[in-house]
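Here is a walk through one structure, taken a few residues at a time. Keep the picture open and follow along as the names come up.

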Amino acid sequence: MQKKQLAIALEIYAQEHELPAEVAALMQEAKKARANAYTPYSKFKVGAAIQLSNGEVVTGNNQENAAYPSGMCAERTAIYAAGARFPEAQIKAIAICVKAHNQIISQPASPCGACRQAMAEYEQKQKTPIPVYFMGETGPVYKVDAVLDLLPLAFDSSFL
């Protein structure tokens, strides 16, 4: 038997104001998107903003439904919209932020597994890493250099 350890590197910005200007602007777009999230059940709002190589910013937010599996996360809403509207553009960066109704989230909340898989598909398609920045309502911002850092041992088209 062999044992292998997987590790990722995080860049941690202590506060949002430490972000590079272009990333701070992208996070502001994510916050605007978060404000419009439809979350009558969980009361947990998520906003995502995607910077594209053509200069466009595409945003998304979570959309809930009484039939829970029918809802959609912010990250997938944004990435599918980007893919549908600008199929030739590469994704340069993704910013994600969250906010809860009943508490202050002061630590970054990373994307769920389904969103990681969807984002990884686009990273693999473009053959270029996509940096991901994520944060809570306040506190530090985490950055990974690539979506696949969040999804080690990813499932991809090579298995099909």
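**Starting from a salt bridge**

Glu16 and Lys31 form a salt bridge, with their closest N and O atoms 2.5 Å apart. The term salt bridge is used here for a side-chain nitrogen of Lys or Arg within 4 Å of a carboxyl oxygen of Asp or Glu. This pair links distant parts of the chain: Glu16 sits in the loop between strand 1 and helix 1, Lys31 sits in helix 1, and the two are 15 residues apart. Helices (H or I, at least four residues) and strands (E, at least two) are DSSP runs, numbered from the N terminus.

Before going on, a word on what you are looking at: this is a predicted model, in which local features need pLDDT of at least 70 and side-chain atom pairs count only at pLDDT 80 or more, while totals for chains, interfaces and linings use all residues. Residues are numbered from 1 along each chain as its sequence is written, and side-chain values use heavy atoms, with hydrogens and water left out.

Back to Glu16. Is it buried or exposed? Glu16 counts as buried because its relative accessibility is 15%; buried means under 20% relative accessible area, exposed means over 50%, and partly exposed is in between (1.4 Å probe, protein chains only). Lys31 is buried as well as Glu16. Their side chains also make a polar contact, at 2.5 Å. That term stands for a pair of N or O atoms within 3.5 Å; within protein, one must be able to donate a hydrogen and the other to accept it, and residues adjacent in sequence count only if both atoms are side-chain atoms. Setting aside residues up to four places away in sequence, Glu16 touches Met27, Gln28, Lys31, Met135, Gly139 and Val141, where a contact means heavy atoms within 4.5 Å.

How many salt bridges does the structure hold? There are five. In one of them, the side chains of Glu137 and Lys99 meet at 4.0 Å, N to O. Glu137 lies in the loop between strand 5 and strand 6 (141-144) and Lys99 in strand 4 (residues 91-100), so this pair ties together parts that are 38 residues apart in sequence. Lys99 counts as partly exposed, because its relative accessibility is 35%.

Another salt bridge joins Asp145 to Lys143, with the closest N and O atoms 3.0 Å apart. Lys143 is buried, with a relative accessible area of 12%, whereas Asp145 is partly exposed at 42%. Glu11 comes in here too: Glu11, Lys143 and Asp145 are linked in a network of salt bridges.

Now for the rings. A search of the whole structure finds four aromatic pairs. In this count, rings of Phe, Tyr and Trp (its six-membered ring) pair if their centres lie within 6.5 Å; planes under 30 degrees apart count as stacked, over 60 as edge-to-face and the rest as tilted. The rings of Tyr13 and Tyr133 have centres 6.5 Å apart and planes at 40°, so that pair is tilted. It links distant parts of the chain, with Tyr13 in strand 1 and Tyr133 in strand 5 (residues 132-135), 120 residues apart. Tyr13 is buried, with a relative accessible area of 14%, and Tyr133 is buried at 7%. Phe134 and Tyr142 make an edge-to-face pair, 5.8 Å from centre to centre with 75° between the planes. Phe134 and Tyr142 are both buried.

Next, look at two backbone angles. Lys127 has a phi near 55°, a positive value in a residue other than glycine. You'll find Lys127 in the loop between helix 3 (113-126) and strand 5, and it is exposed, at 73% relative accessibility. Leu153 isn't a glycine either, yet its phi is positive, at about 60°. Leu153 belongs to the segment after helix 4 (147-150) and is exposed, with a relative accessible area of 77%.

Finally, Leu151 also lies in the segment after helix 4. Leu151 is buried, with a relative accessible area of 18%. Leaving aside neighbours within four places in sequence, Leu151 is in contact with Arg116, Gln117 and Ala120. The C-alpha atoms of Leu151 and Ile96 are separated by 16 Å, and the two residues are 55 residues apart along the chain.
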